[in-house]
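Good morning, colleagues. Please have the sequence and the structure open before you while I go through several parts of the protein.

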Amino acid sequence: MERSIFTALIGGLLGITAFGGLALVGSGHGSPAAPSSHPEGEWRLLDAVTYESISVFPVVSPYNQDTSLFLTLEEGLATGEVLVREQGSEGLARSRDGRPIYTPQPTGASVNQLVLINRSKRPLLLLAGELVSGGKQDRVIGKDRIVPVGAPPLPLDVFCVEHGRWTGSSQFAAANTIVHPSVRESAAVDQAQTKVWESVRNGTNAKAGPSAPRAQISSDNLQAAIAGNGRTEAYEKIYDSRAVGVSIDDFANEVQRRFTQATSGLKNERVVGVVVAYGGDVAWSDIFASSDLFDHYWRKLLRSYAVEALTRPSYRQAASRENANEFLRRLNGRETQETEPGVYRWREIKEGQCAQIELDALQPKSITLHRLLLHRTS
């Protein structure tokens, strides 16, 4: 792996948005130095849970942060404490008592921006890849962030995962879905709408050689599913379609059964994340500040990993624990930060073909709520 080493952070306020005082900070490169091989956060890997072409390494920790302060998007949309509307279709503001007020807007809705309001009494946690269904098109959140209590209506950058439809109401609902890793990478790392659409319709961004074994969900399967939906490329309809030729839920359920068995005997440790490999390639990790947060997202994440496994070539060899352990170390490379003072800090580190994204809550104390590390496919 190419080693590009980060040594000095260039502090400087590059820009402040009109919403929430978001500061952008960049960093440069320093002279080479040996990266740390020790894992962060007192994490430990368990042996892999393997099934067909996927290996899932549970990440456990003796420490468990209190994350009960934070509201998740699924909870907020389900209870009505979080509202999402099309940008430009109607205005969204607060009355004096905190209730939302809607006003007609002269401009049309925008594919890549929604408006969100958090009217709960808890900060709202958003994760890149979470699907928001409804409106004129289904969208996914483009970047991890926190929306504080009492924040003004927030213009929210999103990516469309439903190419072909631009009709419907302005109402959005909770979707119990996180898109699979290739789509998340296209949104969170590449930040490119065209790549998001390609990842939805192609299944995986991973390149396969001519002799690679056929994926269980092939591109032909996906095209059949799209055709069966009247050529509306809606993410959930594609991957729930019988035309894909395999049950994603059956695959995920079997991994879950094995995962539960492998983690049931833990003492003084809790599962806070996973490192995921496809065939012999370690590709992805999601780690959280608490087992509660992990438990909240786990079922959706597991299904997303299953989709990725089924759309990649079906290599059956297992990844090594040594290689998986590399996904617990901190990358050394170019770092970019975005900060909303007193609320959150988002940072991305790129080293060779790997990218690491972390979201820190700054209040009531600084903790890393979510850490993603992936091996880039592009």
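C354 is buried, at a relative accessible area of 2%; buried here means under 20% relative accessible area, exposed over 50%, and partly exposed in between, with a 1.4 Å probe and protein chains only. C160 is likewise buried, at 0%. A search of the whole structure for disulfides, that is, pairs of cysteine sulfur atoms within 2.5 Å, finds 0.

I should state the basis of these values. This is a predicted model, in which local features need pLDDT of at least 70 and side-chain atom pairs count only at pLDDT 80 or more, while totals for chains, interfaces and linings use all residues. Residues are numbered from 1 along each chain as its sequence is written, and side-chain values use heavy atoms, with hydrogens and water left out.

The predictor's confidence in each residue, pLDDT, runs from 0 to 100. Its mean for the protein is 82, and 79% of the residues reach 70 or more. Over residues 1-38, however, pLDDT stays under 50, and residues 100-107 also stay under 50. Where pLDDT is low, the predicted coordinates should not be read in detail.

Turning to the overall fold, the protein has 8 helices and 23 strands; these are DSSP runs numbered from the N terminus, helices being H or I of at least four residues and strands E of at least two. Of the 378 residues, 54% are buried.

Which residues touch the most other members of the largest nonpolar core? They are I54, Y235, W298, Y305 and L369, in a core of 66 residues. Such a core is a set of buried Ala, Val, Leu, Ile, Met, Phe, Trp, Tyr and Cys residues joined through side-chain atoms within 4.5 Å. Helix α7, residues 291-311, gives the most to this core, with 11 residues. Beyond four places in sequence, Y235 has contacts (heavy atoms within 4.5 Å) that include L131, V161, H180 and V307.

Next, E185, in helix α2 (residues 181-190). E185 is buried yet has no salt bridge, meaning a side-chain nitrogen of Lys or Arg within 4 Å of a carboxyl oxygen of Asp or Glu. The nearest side chain of opposite charge is R376, 4.9 Å away; Lys and Arg count as positive, Asp and Glu as negative, with His and the chain ends not counted.

Finally, S285 lies in strand β19, residues 281-288, and is buried at 0% relative accessibility. The C-alpha atoms of S285 and V275 are 4.2 Å apart, although 10 residues separate them along the chain.
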